[in-house]
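Subject: A structure for you to explore

Hi there,

Here is the structure I promised to pass on to you. Have a look around it first, and then read my notes below.

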Amino acid sequence: LGVALCAVSGTAFLYHDYCIIGAGPAGLQAAYFLQQAGRDYIAFERSHAPGSFFALYPRHRKLISINKQYTGKSNSEFNLRHDWNSLLSHDRRLLFRHYSHDFFPHADTMVRYLEDFASLLELRVQYNTAIIHVTLERNGQAWNGHYFLLTDQDRNIYKCSSLLVATGTWVPNVVNFPGSEYVEGYETVSINPEDFAGQTVLILGRGNSAFETAENILGVTNFIHMVSRSRVRLSWATHYVGDLRAINNGLLDTYQLKSLDGLLEGDLEDLAIVKDKKGKLHITLRFYLENRNISAGIDSITLPQDELDNFATRAPYDRVIRCLGWKFDFSIYNRSLRMMPGKGSIKKYPQIKPSYESRGTRGLFVLGTASHSVDFRKSAGGFIHGFRYTTRAVHRLLENRHHGVPWPSTVYPITQLTNSIIKRVNEASGLYQMFSVLADIILLRENATAFEYLEEYPIGVLAELEMQTGRKAPNGLFVIIMEYGRNFSGADKDVFYYNRAVGEAQHAWQSNFLHPVIYYYKRLPTEREMKLRPPEWPLPRPDAIHHIVEDFLTDWTAPNAHILPLRRFLENCLSTDLRSFFAESCFLFAFTRQKLPPFCQQGYLRMQGLVGSEELRRHAAQAGLLQDYTLTDFLGDRPPDSHDRSRDQLLRDQVIPVRPLQHLVNAKDE
């Protein structure tokens, strides 16, 4: 493994440049990129195999990440848009569709897939190693001004220059209230429906784990009630894949069709559970118990139905199940790392910057599900089909910071600008999955003669682009992202209303469904502008903005509806002509215009471009791109047999047309 040993004050350390805690999907993805770059790294996994979370969860073993076998296309990048389980690699064997044909695969298949990913790619993972403590060692010579010291369960100590945390969120969320000891946890409750036959069940929580549990026992229980602080959020309304998915929502049917099951809203911390002599569980409110001893027996306790005889949860329950999700494990981090929980709805995640670096410690990056605070309830960063791209972005940031490797880019002539954008918005999976979070950046060269294309950069650190990528942006830039309509997503939204889709290009800014948006900035936005951007905007106000109208097939290649408006927008921003021309038109422009279009400058005058033929000329004339002039216009009284001569022969004969050059044809705009 190329392990370096170093000793400080008599203590031996095993040193690596990069340490990864956790060998789940995000940890393995990070290991892959580091290995491909030839970096010194090690990944620690507490279990005997990778992906130990999936060995237990989801409890009922059906994943809700889609595995679409067929898309009608062979483009592998496009197909990743509908493959939510594969990690990124060069090995075509490691596509999830080779492991399962199920649209919603079995969790055991994910475990097998991750094992193969680690073994086939020979990733450096150290199993059965639980990191129990992480602290810092200050050192001015270190990459970030300190080293990370990691201690495992056997008191071995590892020393790293950069720490990548990919442990996910695995500590169950628990709410403590009087009687909470009678509650069973999602992580241990039986998954055998027969164990619930003829029982009355209360479920605490309203996420996919709660509905998954209810779905499993729906057909055998007396009835199921579900209580949570917030209303149910349907993923088709919020466009957030972490909200309730249709595969689990059978209880909504039985609730709304009055088949005994039901949903209630209330603060779980206000509840209390009292157990009677028969083992039944009664729901009451905490304030009824303030001056009473709960162990004194149910007869001495006031229940809500004693005052309100139609109290919703007055019927006793046989079982109460907690399904409240998970949170990040902060316990192993020394205070010196300042790993602090977020605030409000993201308190279950550590605080990180939009670059996925810890707010408290330089050089500590959080990957995978635990990094979801960046886009919680907005995009897919908490799931494999999202964090496989954000992990790659973090790797590229580290390559530039520590090894001087700039963010990958490609330089094209300006004539390829429209084509480059159209190609990416039609096939790029990172833009599609991490909408409003990752963006393609187009850096313009001087005089807009060329551009540099950077893929899938985190827009939260757009102001730091030059420092983070090693690329310069002195001449303006375009930012290409995917967005839903501003007011289309939400738990209370009706996303099936009539006329919900926009079809006219002139109304593209009103598009509701996911569609490409191009922002143009004459200069790189500042950090202050990023902070003061309008509410719900992913970026500051640009100098110009263009929406490509939403498309029912997510196929943005229609010449009139998609490509032409985009090209005209780019031309207006750059004050140039981005059309393509036939050689005849470029030839005429050379005589009739002071400035040639870029296509003629970079193509025709360099003897590049499409080679003409009589058949192509005739097709162009029929399409209205060239006037249907005949050689008699040039040759006057020449004999008919000369009509068959090629244009090159005519030029060699030095035939000069009698008519004014303006009479000849330019390439028509659409």
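Predicted model: local features only at pLDDT ≥ 70, side-chain atom pairs only at ≥ 80, totals over all residues.

**The overall picture**

The protein has 670 residues, and 51% of them are buried. Its secondary structure consists of 19 helices and 23 strands. Among contacts with a separation of 6 or more, 65% are between residues 24 or more positions apart.

Most of α1 is covered, with 10 of its 12 residues buried. Pro25, Gly27, Leu28 and Tyr32 are among those buried residues. After α1 comes Gly38, which has a positive phi, near 75°.

What does α1 pack against? One partner is α9: the two axes come within 9 Å and cross at roughly 35°. This crossing of α1 and α9 is right-handed. On the α1 side, the contact is made by Pro25, Ala26, Gln29, Ala30, Phe33 and Leu34. On the α9 side, Ile384, Phe387, Arg388, Thr391, Arg392 and His395 take part.

**Salt bridges**

Side chains of opposite charge can pair when their charged atoms come close. In this model the count comes to 21 salt bridges, and here are some for you to find.

Start with Glu399 and Arg39, which form a salt bridge whose closest N and O atoms are 2.8 Å apart. This pair links distant parts of the chain, as its two residues are 360 residues apart. Glu399 sits in helix α9 (residues 384–403), while Arg39 lies in the loop between α1 and β3. Glu399 counts as buried because its relative accessibility is 8%. Arg39 is buried too, with a relative accessible area of 18%.

Now go back to Glu427 from the opening question. Its side chain meets that of Lys423 in a salt bridge, at 2.7 Å from N to O. Both residues belong to helix α10 (residues 417–427), where they are four residues apart, about one turn of the helix.

Glu483 is buried, since its relative accessible area is 2%, whereas Arg486 counts as partly exposed at 37%. Elsewhere, salt bridges that share partners bring Arg392, Arg424, Asp440, Glu455 and Glu456 together in one network.

**Helices α10 and α14**

Helix α10 also packs against helix α14 (residues 559–574), at an angle of about 130° and with the axes 10 Å apart. The two helices are therefore oblique to each other, and their crossing is right-handed. Which residues meet here? From α10 they are Leu417, Thr418, Ile421 and Ile422. From α14 they are Ile563, Leu566, Arg567, Leu570 and Leu574.

**Two serines to look up**

Ser371 is in the loop between β17 (364–366) and α9. This serine is buried, as its relative accessible area is 2%. Leaving aside neighbours within four places in sequence, Ser371 is in contact with Ile352, Tyr356, Val366 and Gly381. Ser371 and Ile352 are 19 residues apart in sequence, and their C-alpha atoms are 7.3 Å apart in space.

The other serine is Ser209, which belongs to helix α5 (residues 208–217). Ser209 is buried because its relative accessible area is 10%. Not counting residues up to four places away in sequence, Ser209 touches Tyr186, Cys323 and Gly325.

Enjoy exploring, and write back with any questions!

Best wishes

How values were computed
Residues numbered from 1 in each chain as written. Heavy atoms only, no water. Buried < 20%, exposed > 50% of the residue type's maximum accessible area, 1.4 Å probe, protein only. Salt bridge = Lys/Arg side-chain N within 4 Å of Asp/Glu carboxyl O. Axes fitted to C-alpha atoms, helices over the stretch in contact; angles between N-to-C directions. Parallel < 35°, antiparallel > 145°, perpendicular 65-115°, else oblique. Left-handed = near helix turned anticlockwise from the far one by under 90°. Contact = heavy atoms within 4.5 Å.
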